[in-house]
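Subject: Handover of a structure

Dear colleague,

Please find the structure below. My notes on what was found in it follow directly after.

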Amino acid sequence: MRQIYNDKARAQEDAALRAEEAERVRREFDLLRAGEQKALQALRESEERWHFALEGAGDGVWDWDIASGDIFFSPRCRQLLGLSRAAEIAGFKLWQTGIHPDDLPTVLADLASHLRQPQGSFVTEHRFLKGEDWVWLLGRGMVVSRDAQGQPLRMIGTYSDISERKQAEEELQLLNSHLEERVATRTAELKKAMQQISSAEKQAALARMVAGMAHELNTPIGNILLCSSQIQADVAGIVKADADKRLSRKTLQEFLEKTAESCELLQRNSAQAGDLISRFKQIAVDQLDQPRRSFHPAKIMAKLLQTLLPPEHHPGIRIELQIPQELVLENYPSALEQLVSHLVANSLAHGFDGRNQGMIRLSMQRAQHNIELRYSDDGKGIDGELQSKVFDPFFTTRMGQGGVGLGLALVHNIVHVILKGQVRLESETRQGASFIITFPAE
C-alpha cells in the first residue's frame with residue numbers, strides 16, 4: 001500500500017510539473033504570438049508608409065531578379081509603363097521594351113557600367129512609349145543582392161514620370177533661344193545705332209575741326225591777301241607814275257615805307273598761319289623724330305617746369321613735383337615734355353585766367369606694368385558739360401580771344417598715339433582740374 005501511495009504521489013507531482021510546464025509554454029507561445037502580431041503590424045505600417053511615400057508621390061516600384069529575369073512591378077509602376085495585362089507584364093523586358101531608340105544605347109551602356117561596378121545608385125532619364133505617346137521617365141535603382149563572387153543578383157528601383165519637367169525644360173530652352181535671338185537682334189541694332197552715333201560724332205568733330213581751322217586761318221590769310229593786294233596796287237601806282245614821268249623821290253620814299261610795313265605784316269601773318277598749320281599737323285603725328293631712350297623723368301620735368309614757369313615771370317605760381325629720383329623710363333622724353341608743356345599752357349590760359357597765383361602739382365609713379373602721371377592745378381576747373389569736348393581739336397571757350405583749341409587735343413594725341421596710353425580728366429567747377437595719364441612702362 002505504501003508503495004502504491006508513493007507512486008500515486010509521484011504521479012501527482014509529475015502531473016503538476018507537466019501542467020506547470022505546459023502553462024509556461026502556453027505563456028511563452030502567447031508572447032511569441034503577440035510579438036509576431038506586433039512585428040506584422042510594424043511591417044504592415046512600414047509597408048503602408050513606403051507605399052504612401054512612393055505610390056502617393058507618384059513613383060512606381062520595380063524589383064528585378066537579374067539571374068532569372070523575373071520582374072515585379074507595383075501597381076503604380078505598371079500604370080506608369082502602361083502595362084495592364086498579365087501577358088504584357090510577363091513578356092516585358094526592363095530597359096529595352098518601349099524605350100525610345102535614340103535613348104536605348106545610352107541606357108544600356110549606363111546599366112552595363114553600373115552592373116560591372118555596382119556602387120551607389122543607378123539613375124537614367126529616357127523616353128518611353130506608353131500607348132501611342134512618348135513619356136519621359138526617371139529611373140533609379142540599386143543592387144541589393146550579390147552572389148559569392150560579388151555578381152549582382154537582385155536590383156530594386158523606382159520609376160517617376162518627369163514629362164512635365166521635361167516639357168518645362170524644353171519651353172525654357174525655347175524661351176532662352178528666343179531670348180538669345182532677341183538679344184542678338186537688339187545687340188545688332190544697338191551696334192548699328194552706336195556706329196551711326198560714332199559716325200555722326202566723327203562728322204561733328206570733323207566739322208568743328210574744319211570750322212576751327214578755317215576760323216583761325218581766316219585772319220592771317222585775310223591779312224596776307226590784304227597786304228599783297230595793297231602792295232600790288234602800290235607797285236602799279238609807282239609803275240604808272242614812272243611811265244608818266246611823275247615819279248618823285250617823296251613818292252618813292254612813301255612807297256618803300258608802306259611796302260616795308262606791308263612786308264612786316266605779311267611775314268607776321270604768314271608765321272602765324274604756318275604755326276597754326278604746324279600745330280594742326282601735330283594732331284596727325286604718329287611718331288616723333290627723336291628715338292626712344294632711357295631717361296630720368298624727375299630731372300627732365302624739373303628742368304622743364306623751371307623753364308616754363310620761371311619765378312621772375314610767374315611769382316605767384318607754386319610748383320609741387322613728386323617724381324622718384326630713381327625712376328627710369330624707356331620712352332620718348334620729348335613727348336612727355338610736349339605733353340606737360342601743353343598742360344601748363346592750359347592751366348595758365350584757362351585755370352589761372354584772371355588770377356596771379358595758383359598751385360600746379362605733377363607726380364609720376366610706377367603702377368605694376370604702367371606709369372601713372374598725374375597733373376593737377378587748383379584753378380577754375382572745367383564745367384561738367386564741357387569735359388567731353390575738351391580733347392576735341394579747335395574746341396575752345398576763348399574763341400576770338402587768342403584761344404586756338406589745340407592744346408588738349410595735342411595732349412590726347414600724344415598720350416594715345418605716341419605713348420600708347422590713356423588720359424582721363426577729373427574736374428569740378430572752381431575746384432581745379434586733374435589729368436590722369438597712364439601708359440606702358442616699357
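Helices (H or I, at least four residues) and strands (E, at least two) are DSSP runs, numbered from the N terminus. This is a predicted model, in which local features need pLDDT of at least 70 and side-chain atom pairs count only at pLDDT 80 or more, while totals for chains, interfaces and linings use all residues. Residues are numbered from 1 along each chain as its sequence is written, and side-chain values use heavy atoms, with hydrogens and water left out.

The sheet

Strand β1 (residues 60-65) and strand β5 (residues 152-161) run antiparallel and are joined by six bridges; two strands count as paired if DSSP finds at least two bridges between them. Strands of a sheet pair through backbone hydrogen bonds, either parallel or antiparallel. Here, five strands form an open sheet in the order β2-β1-β5-β4-β3, with antiparallel pairing. Because β2 (71-73) and β3 (122-130) stand at the edges with a single partner strand each, one side of each is left without a neighbour in the sheet.

Helix α4 (residues 104-116) lies across β1, β3, β4 (133-146) and β5, and runs at about 145 degrees to β3. Contact means heavy atoms within 4.5 Å. Axes are lines fitted to C-alpha atoms, for helices over the stretch in contact, and angles run from 0 to 180 degrees between N-to-C directions.

In α7 (residues 297-308), the residues P297, A298, I300, M301, L304 and L305 are buried. They cover an arc of only 165 degrees around the axis, which puts them on the same side of α7; the arc is that of the directions from the helix axis to the C-beta atoms. On the other side of α7, K299, K303, Q306 and T307 are exposed. Buried means under 20% relative accessible area, exposed over 50%, and partly exposed in between (1.4 Å probe, protein chains only).

The buried residues of α7 pack against β6 (293-295), β7 (317-322), β8 (329-331), α8 and β9 (358-367). The axes of α7 and α8 come within 11 Å and cross at roughly 40 degrees. Among the residues of α7 that meet α8 are I300 and L308, and the α8 residues involved include P333 and V344.

Helix α8 (residues 333-351) also holds S347, which counts as buried because its relative accessibility is 1%. Leaving aside residues up to four places away in sequence, S347 touches F352, I360, Y375 and D377.

Yours sincerely

Notes: Expected span 1.5 Å × (residues − 1).
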